[in-house]
Amino acid sequence: MSTGKKPRTSRAKDGAATAPEAAGIPFDHVARNRRRLALITGGNRGLGLESARQLAQAGVDVLLGSRDLEKGTAALTQLGRLPGTVEVVQLDVTNAADIASLVVKLERDYGRLDILINNAGLGYDETEYAQNADVERVRRDFDTNFFGVWRVTEAVLPLMRKRCYGRIVNVSSGCASLATMGCAAAGYRTAKSALNALTRILASELTGTGILVNSICPGWVATDMGGEGGRPIPEGAAGIVWGALLADNGPTGGFFRDRAPLPW
Ligand SMILES: NC(=O)c1ccc[n+]([C@@H]2O[C@H](COP(=O)([O-])OP(=O)(O)OC[C@H]3O[C@@H](n4cnc5c(N)ncnc54)[C@H](OP(=O)(O)O)[C@@H]3O)[C@@H](O)[C@H]2O)c1
């Protein structure tokens, strides 16, 4: 008896349409056995660039988001030859036109997105206290650290839903934990706490879709943001990449550092 429903189809690397369920192949099995495509925001330096290197080393094709195309292209030279491809894309997460162009490109050139690493971030300021912060500046920082993540995620989710597969990593910070909340860097902390809430809400909404959403803290890392004294960038990026490559039965709606749960 026909149900009248079309079988779900997937688009293979060579562009050929397949109907895995019709062929009796579990969809997740198909997802695991083809090359995955990742988008990393703020990929031109620091943890974003190193996450791109580690993912491409693992054979994932990477779109390296950079709000300044020249900076992104220059960063590519630091990566060398890797098993996965790395392509720079213009992406300021606060710019609606950049996000719209990116979605057009994804639909036209790839027809999919498997992994989203919402890494772009700014505004960690240890001298900024809640009692006298410049709220307009806090609003601008929220635009990247929180609304930017929300905008990009909403824009690419239909591509993930179409393939019933997705890994979303929201790069957060232990300093956003309400359980251990301290003072200073007030705007940054509140933006990352809001980001953690978004992680929980999305994970809950997307239960059973094959899309896993987690917040990951890289620890204190010696990037331009983290400064001297932080740990090596590859160590911080390893936790992010773990979240990007989770198996189908991996966690969702969690907050992790070095693969271990953190208190919300
Ligand atoms: N480093 C740490 O200790 C630490 C600890 C906890 C969490 N984190 C988080 O880890 C993530 C990466 O930080 P990082 O340490 O690698 O910092 P970073 O070296 O300062 O790099 C930040 C990246 O974000 C990009 N960016 C900023 N605003 C953007 C926007 N509106 N659109 C697109 N890209 C934008 C920057 O681009 P430009 O080069 O154009 O400025 C840069 O590529 C951030 O979310 C941060 O909050 C870092």
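Helices (H or I, at least four residues) and strands (E, at least two) are DSSP runs, numbered from the N terminus. The structure shown is a predicted model, in which local features need pLDDT of at least 70 and side-chain atom pairs count only at pLDDT 80 or more, while totals for chains, interfaces and linings use all residues. Residues are numbered from 1 along each chain as its sequence is written.

**View 1. The protein as a whole, with 7 helices and 10 strands.** Of the 264 residues in the protein, 40% are buried (20 or more other C-beta atoms within 10 Å of a residue's own; 12 or fewer is exposed, in between is partly exposed, and C-beta atoms are placed from the backbone). Among contacts (C-beta atoms, placed from the backbone, within 7 Å) with a separation of 6 or more, 68% are made by residues 24 or more positions apart.

**View 2. The shell of 31 residues around the ligand.** Those that come nearest are Gly42, Gly46, Gly121, Thr223 and Gly226, where a residue is near a molecule or strand if its C-beta atom, placed from the backbone, lies within 6 Å of it. Two or more residues are given to this shell by helix 2 (46–57) and by helix 5 (135–163), and helix 2 provides the largest share, 3 residues. By class, the shell has 14 polar, 11 nonpolar and 6 charged residues (nonpolar: Ala, Val, Leu, Ile, Met, Phe, Trp, Tyr, Cys and Pro; charged: Asp, Glu, Lys and Arg; polar: the others, Gly among them).

View 3. The loop between strand 9 and strand 10 holds Asp258, whose phi is near 50 degrees, a positive value in a residue other than glycine. Asp258 is partly exposed, with 14 other C-beta atoms within 10 Å.

**View 4. Strand 3 and its two partners, strand 4 and strand 6.** Strand 3 is covered on both faces, with Leu37 and Leu39 buried on one side and Ala38 and Ile40 buried on the other. Its pairing with strand 4 (residues 61–66) is parallel and runs over 4 bridges, and here Ile40 has Leu64 of strand 4 as its bridge partner.

**View 5. Strand 8, between strand 7 and strand 9.** All of strand 8 is buried, 7 of its 7 residues, so the strand is largely enclosed by the rest of the structure. One side carries Ile211, Val213, Ser215 and Cys217, and the other carries Leu212, Asn214 and Ile216. Strand 7 pairs with strand 8 in the parallel sense over 6 bridges, with Val213 of strand 8 as the bridge partner of Ile168. Strand 9 pairs with strand 8, also in the parallel sense, over 4 bridges, and Phe255 of strand 9 stands opposite Ser215. Strand 7, helix 6 (residues 186–205) and strand 8 form a right-handed β-α-β unit. In the loop between strand 7 and helix 6 lies Ala185, whose phi, near 50 degrees, is positive although the residue is not glycine; Ala185 is buried, with 22 other C-beta atoms within 10 Å.

View 6. Val221 counts as buried, with 21 C-beta neighbours inside 10 Å. Apart from its neighbours within four places in sequence, Val221 is in contact with Leu47, Gly226, Gly230, Arg231, Ile233 and Gly236. The C-alpha atoms of Val221 and Ile233 are separated by 5.8 Å, although the two residues are 12 residues apart along the chain.

Conventions:
Two residues are in contact if their C-beta atoms, placed from the backbone, lie within 7 Å. Two strands pair if DSSP finds at least two bridges between them. A crossover is right-handed if, with the strands pointing away from the viewer, the path from the first strand over the helix to the second runs clockwise.
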